[in-house]
Amino acid sequence: MEKANYHLNGFYVGEFKKNNDLDNLIRSINEIHAGNLKPGFELVEKYKLSKDLRPDVFNYDTSFVDILFSNNIPKLLKDVVGRNLYLAHIQLRISYPGESSYMSWHRDTHVYGGKVVGNIPPVHKIIFYPTVQGKEDDKISLIPGSHRKVFTNKFIDYLQVFLSKRKTIKSSDSKFMLFNTELFHHVVPEVEDKGSFRLIYSFAEEEQLNQYDQHAMIDSYKEKIKNN
C-alpha cells in the first residue's frame, strides 16, 4: 500500500529510529548551528537567505551516512519507489528568516517550451528537518499528486499551485520526508531568528550517478549496500 500511496501522492513520511546514529546526527547539526564547525568546513551561501555546508557533508561526520543504513533506507527506497536508487548527493542547508523563502513553488524536474531542466527520470529526495530546541515549525509545502499532472506550458502547469490542495511538513527530531522531486513544492519562509537546518539526501538511478561529483561518497554507499 505504501508503494501505491507514493505513486499517487509523490511523497512519504517516515521516522528514524531513536538510536546513537540519530543522536550523533542531531548533535553534529546542533554544533554547526552553534557555530562550532570542524576545521576545514564552512557555511557558504548558494541561494539568498540560506547557506550550505562546504566543502561537503559526507566527510563531516559518519552519522550523516550511518543513519541511512541503521534505518535500512536502501530497502525503503526499493519498497516505496519500486526500484533501486543510489545516494548521489547530500546537502546540509540552513535557512534564514526574511520576507520570503529561499525557494518558491517549483519542480526540480520540468520541461517548459521544449527546455529540459533537472533529471529525467526525476531524482527522489529524503529531507530531515530537525527542530530548533524542540519547536515544530512548518518547513515545506507540497501539492500531492502533481508529479502525475505535468504540463509543458509553464502558465498552465503553475495553475496547480493556486487550484490544488497542499500538504505541509513540519520539523521533527525523528521524522523525515521522502518525495519525488517532480512534485510541486515550496520552502516555507523561515521563522526562527537564527535560522534552521534541513538535511537533504538525493537518490538517483545508477546510470545517472556520473552527473554527480561526490565519487568517494557514491562508491562508499555502494560498498555499504553490498555489505549490508
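Author: The largest nonpolar core has 44 residues, and Tyr-201 and Phe-203 have the most contacts inside it. Such a core is a set of buried Ala, Val, Leu, Ile, Met, Phe, Trp, Tyr and Cys residues joined through side-chain atoms within 4.5 Å; buried means under 20% relative accessible area, exposed over 50%, and partly exposed in between, with a 1.4 Å probe and protein chains only. The most, six residues, comes from β4. Helices (H or I, at least four residues) and strands (E, at least two) are DSSP runs numbered from the N terminus.

The model is predicted: local features need pLDDT of at least 70 and side-chain atom pairs pLDDT 80 or more, while totals for chains, interfaces and linings use all residues. Residues are numbered from 1 along each chain as its sequence is written, and side-chain values use heavy atoms, without hydrogens or water.

Beyond its neighbours within four places in sequence, Tyr-201 is in contact (heavy atoms within 4.5 Å) with residues including Phe-64, Leu-87 and Ile-126. Another core, of 10 residues, lies apart and includes Ile-140 and Ile-200.

Now to α2, residues 20–33. Its buried residues are Asp-21, Leu-22, Leu-25, Ile-26, Ser-28, Ile-29 and Ile-32. They lie on the same side of α2 because they cover an arc of only 155° around the axis, taken from the directions from the helix axis to the C-beta atoms. Their packing partners include β2 (42–44), β3 (50–54) and β12 (196–204). Just after α2, Gly-35 has a positive phi of about 90°.
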